[in-house]
Amino acid sequence: MTDIAEQCWRAAIPVQLRLAENEVSSLEHPPVLYFLVPRQSYLHSLVPRALQMLEHLLPPGDHVPWFEHAHLPLKWGVPAGVLYDLVAAPSAELPWRLTIHFRSYPDRLLAAYGGEAALRASFFTSLKEAACICRGSAQRVMEMAAGAQEDLWRQVVSSSLQPYSQVMASLQLAPVAQRGGRPPAIPIRLYVRQGVGGYLSSYEDISVTSRPVEALAADGSAVTLRQALLPLLAECVTGSRGADSTAASLTVPATLLAASSGSTTLVGNDRGSLEAATASSDAKPAAEPEVGAALVEAGSGAAESGDASSPARDSTSNAAGHDETGVGGATESTCLLEASVAQRRLLVAGTTPPLDAPLAWLHAQLHAPDFFLYIVLHAGR
Amino acid sequence: MSETPAADTKVVIFFKQTGDAPILKQNKVKIDGQERFSKLVDFLRKKLGRDQVFVYLKEAFSPALDERIAVLHEAFGVDGRLVVNYALTPAWG
């Protein structure tokens, strides 16, 4: 535990909370509430306290809480600090002015919210993903006693670093070299927002990806933030400039989404349905023993109309760590990256680290409670 | 490890049931790596005739639905294929 991690966990965002006007069923004017939400916690940790002060104003019925910032419903599974960096940091809005709703859940935009249990499940699935990236297996997290899991969750919600670090130390998740001599991998979650200024009106301008990034280059030197971001950025930028409009991204764990019924609406409607085609044009019998395998072809609706952009994307997606950056995207990405640092539009835990900072070090200091290093980049100009 | 040649962006998916979920007759598919993970979930939902399917990787966690399959394959694939676990009730909570 370091001073930096401590500061990171102590950091909190002042939030101004108003109850949605159309949900007031009382003559009494609803109070404007003020809270400090720890950056490492979740907005929904405010719900019990807010409800206590607002419940008497609400119409009878079930309360399904959600938050809205300038007409954008906020995703409940993302840590509060990351959400702030994503939607409010460029305008440095303080306090963070949010509307709290308890009715009319926007289930087309957000994954169904099953109460704190859902939030907890989303945290643990994310932690397990990070564990798989760092150690190749989530065994240690899954073997935690129910009581220990509950304790860990309480420490995350209340943003208590000391007991949290003790549990995490016992889980031994720190990235290590993987089987087959692969270098340690850092779990990162990158949000790239196209367009700066103004308010976000939907998630269509945001692309997000979670993945391992190797912490050591081929020559044994530490991979820097710059080296980690360049190939990813090239991919994001090419991806979103092409025909691929599904960059509209919802980081919703599959389980939670699958649990909501009309869930296809949540994930880009423009994808054709899966078709198990019998077409054999792509079959390579020699290379792939396809016993009983079907070729799953993209439905015609999903055919990429932006074929021109895909070669660039392909070449970069293979460069999981570094070196090979798409030829076209490289210079553009470099400029973009340098500019966003200069203008403080690259945010990790609310700060703009130097691009030369080793990725592994950043992760050790600034990772979110789910052990992912969240990076927010405002890529517009 | 799994270096997908740029020419072939298809990824091999191996479906593995858990709990009381039925075993799929067709448990291996190839899919374009640029597709999102949600496509596999939809596929399973259709094959199993269920609205609710719980889908996991590494017998542990559920990835983001909009992640590209190629990314997941690269990160969590073993021996050139991505094993996708499915269940009708939550497993590995």
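A:His71 lies in the loop between strand 3 (66–69) and strand 4 of chain A, where helices (H or I, at least four residues) and strands (E, at least two) are DSSP runs numbered from the N terminus. Although A:His71 is not a glycine, its phi is positive, at about 70°. The peptide bond from A:Leu94 to A:Pro95 is cis, with omega near -10°, and A:Pro95 is placed in the loop between helix 3 and strand 5 (96–101) of chain A. Most residues other than glycine have a negative phi, and most peptide bonds are trans.

The model is predicted, so that local features need pLDDT of at least 70 and side-chain atom pairs count only at pLDDT 80 or more, whereas totals for chains, interfaces and linings use all residues. Residues are numbered from 1 along each chain as its sequence is written, chains are lettered from A and ligands numbered from 1 in the order in which they are written, and side-chain values use heavy atoms, with hydrogens and water left out.

The domain assignment of chain A gives domain 1 (3–101) and domain 2 (183–378), with bounds that come from an automatic or database assignment. In contact (heavy atoms within 4.5 Å) are 22 residues of domain 1 of chain A and 25 residues of domain 2 of chain A. The two domains of chain A bury about 2,100 Å² between them, 69% of it on carbon and sulfur atoms; buried area is the accessible area (1.4 Å probe) that two parts lose on being put together, summed over both. In domain 1 of chain A, the residues that lose the most area to domain 2 of chain A are A:Leu72, A:Lys75 and A:Leu86, together 30% of what that side buries.

Between domain 1 and domain 2 of chain A there are six residue pairs in polar contact, both residues at pLDDT 80 or more; such a contact is a pair of N or O atoms within 3.5 Å, and within protein one must be able to donate a hydrogen and the other to accept it, while residues adjacent in sequence count only if both atoms are side-chain atoms. The elements that give two or more residues to the side of domain 1 of chain A that touches domain 2 of chain A are helix 1 (3–10), strand 4 (72–73) and helix 3 (80–87) of chain A.

Across this interface of domain 1 and domain 2 of chain A the rule finds zero salt bridges, a salt bridge being a side-chain nitrogen of Lys or Arg within 4 Å of a carboxyl oxygen of Asp or Glu. Over all chains, the structure holds 13 salt bridges. One of the salt bridges joins A:Glu116 and A:Arg154, with the closest N and O atoms 3.1 Å apart. Because A:Glu116 lies in helix 4 (residues 116–135) and A:Arg154 in helix 6 (residues 146–157) of chain A, the pair ties together parts that are 38 residues apart in sequence.

| Span of chain A | End C-alpha distance | Helix | Strand |
|---|---|---|---|
| residues 8–102 | 30 Å | 20% helix | 27% strand |
| residues 117–171 | 22 Å | 84% helix | 0% strand |

A:Pro183 lies in the loop between helix 7 (161–171) and strand 6 (185–193) of chain A.
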